[in-house]
Every structure is written in C-alpha cells, then in structure tokens.
Amino acid sequence: MKRLTALLTLLLLPNLAGAQIPVPAEAPLVNQYIADTFEQRSDAWWKALESQLLLMLDRPVDQVHEVVLRNIIFFGHSHSDKLELHKASPKLLEIYKQREDTGYRILALSALHAVGGEEELREAFRIARAEDSERIFKMTRAALADLYSQQH
C-alpha cells in the first residue's frame, strides 16, 4: 500500500504542480486612487504609489507604456506635495532621447516638466536644438521656460 501511495504521489505530483495558477497581482494603486476618497490615503499609501510608478518606469525604454507616462504627468502636477517623482527624471530623459515616436517624446517631456526635472529639461533642450523637429524644439523650450517661471 505504501508503494502504491508513493507511486501515485510521484505520478500525480507534476500534474498537481502544473495545476497551480499564479495569484493575480494586486490592483495598481492608481486604480485605488480613482476609487477611494482623498482622506483614505495614508503617507504609506502615497509612498507605495510613488514606488509603484517608479518601478513601472524601470524597464527598457521601448517597453514603457504610455499610461505610465500619463500617470506620472497627472500625479506630478496634482500631488507633488505627496510624491517625490523627480527620481524618475533620468529615465524620462532617456525615453525622450531614445524613442523615435514624437508622441512618446512629448509625453516624456511633459512628465519631466511635471516632476520638475530641471537638469534633465536643460539636457532635453540641448538635444532639441540639434534636431530637425521644430515641434519638439518649441515644446521643449516652452517646458523649460515654464519651469523657470514657476521657480522665480
């Protein structure tokens, strides 16, 4: 009987392990932001959101989703008192430099502006001056000028 149990265990164990399904990841905190009221958010919640947004950027430039950039723009403008998203500036500049798609570049520029990445915006302006795209140049110049006017 022990041999039969052992044999069945060995035969069925791979199937039992294969039947396991991963636990779905927790809903993004951005979704919780939409569902909850402002008073329900603790400092720990804001810190977790900040970490989640930064982690969503921590991937190759061509794999950063548009929605991540849009969320950084929103939270950078709306909740800069709660989040320290300026840490995203180097990655946002990298997206601005490496993406060929104008829409992504403008989103990365807007996100840089939203998080207050002054040094990175200056670098973006230097890059834009050497390019053919007048649209990118004008938008980069406007973002940098607006950042300067906010500081003074």
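In these legends, Ala, Val, Leu, Ile, Met, Phe, Trp, Tyr, Cys and Pro count as nonpolar, Asp, Glu, Lys and Arg as charged, and the others, Gly among them, as polar. Welcome to a predicted model, in which local features need pLDDT of at least 70 and side-chain atom pairs count only at pLDDT 80 or more, while totals for chains, interfaces and linings use all residues. Residues are numbered from 1 along each chain as its sequence is written, and side-chain values use heavy atoms, leaving out hydrogens and water.

**View 1. The overall fold is built from eight helices and zero strands.** Starting at the N terminus, the elements run α-α-α-α-α-α-α-α (DSSP runs numbered from the N terminus: helices are H or I of at least four residues, strands E of at least two). The protein has 152 residues, and 36% of them count as buried (under 20% relative accessible area with a 1.4 Å probe and protein chains only; exposed is over 50%, partly exposed in between). Looking at contacts with a separation of 6 or more, 62% join residues 24 or more positions apart (contact means heavy atoms within 4.5 Å).

**View 2. The largest pocket has a volume of about 150 Å³.** Its lining is made up of G76, H77, S80, L83, L85, H86, H113, A114, V115, G116, L147 and Q150 (a pocket is an open set of points on a 1 Å grid over the protein atoms alone where a 1.4 Å probe fits, with protein on both sides within 12 Å along at least five of seven lines; lining residues have an atom within 4 Å of a point; points are joined across faces, edges and corners, and the volume is the space filled by probe spheres set on them). Helices α4 (66–78), α6 (102–115) and α8 (134–151) each give two or more residues to this lining. The largest share, three residues, belongs to α6.

**View 3. Helix α3 (residues 43–57) packs against α4 at an angle of about 145°, with the axes 10 Å apart.** Axes here are lines fitted to C-alpha atoms over the stretch in contact, and angles run from 0 to 180 degrees between N-to-C directions. On the α3 side, look for W46, L49, L53, M56 and L57, which meet V68, L69, N71, I72 and F75 of α4. This contact brings together nine nonpolar residues and one polar residue, and no charged residue takes part.

**View 4. Zooming in on N71, a residue of helix α4.** N71 is buried, as its relative accessible area is 15%. Setting aside residues up to four places away in sequence, N71 touches V30 and L53.

**View 5. L107 sits in helix α6.** With a relative accessible area of 12%, L107 is buried. Beyond its neighbours within four places in sequence, L107 is in contact with E66, L69, R70 and I73. The C-alpha atoms of L107 and I72 lie 9.6 Å apart, although 35 residues separate the two along the chain.

**View 6. Helix α5 (residues 89–98) buries S89, K91, L92, L93, I95 and Y96.**

**View 7. A48 is part of helix α3.** A48 has a relative accessibility of 34% and therefore counts as partly exposed. Between the C-alpha atoms of A48 and L29 the separation is 7.9 Å, with the two residues 19 apart along the chain.
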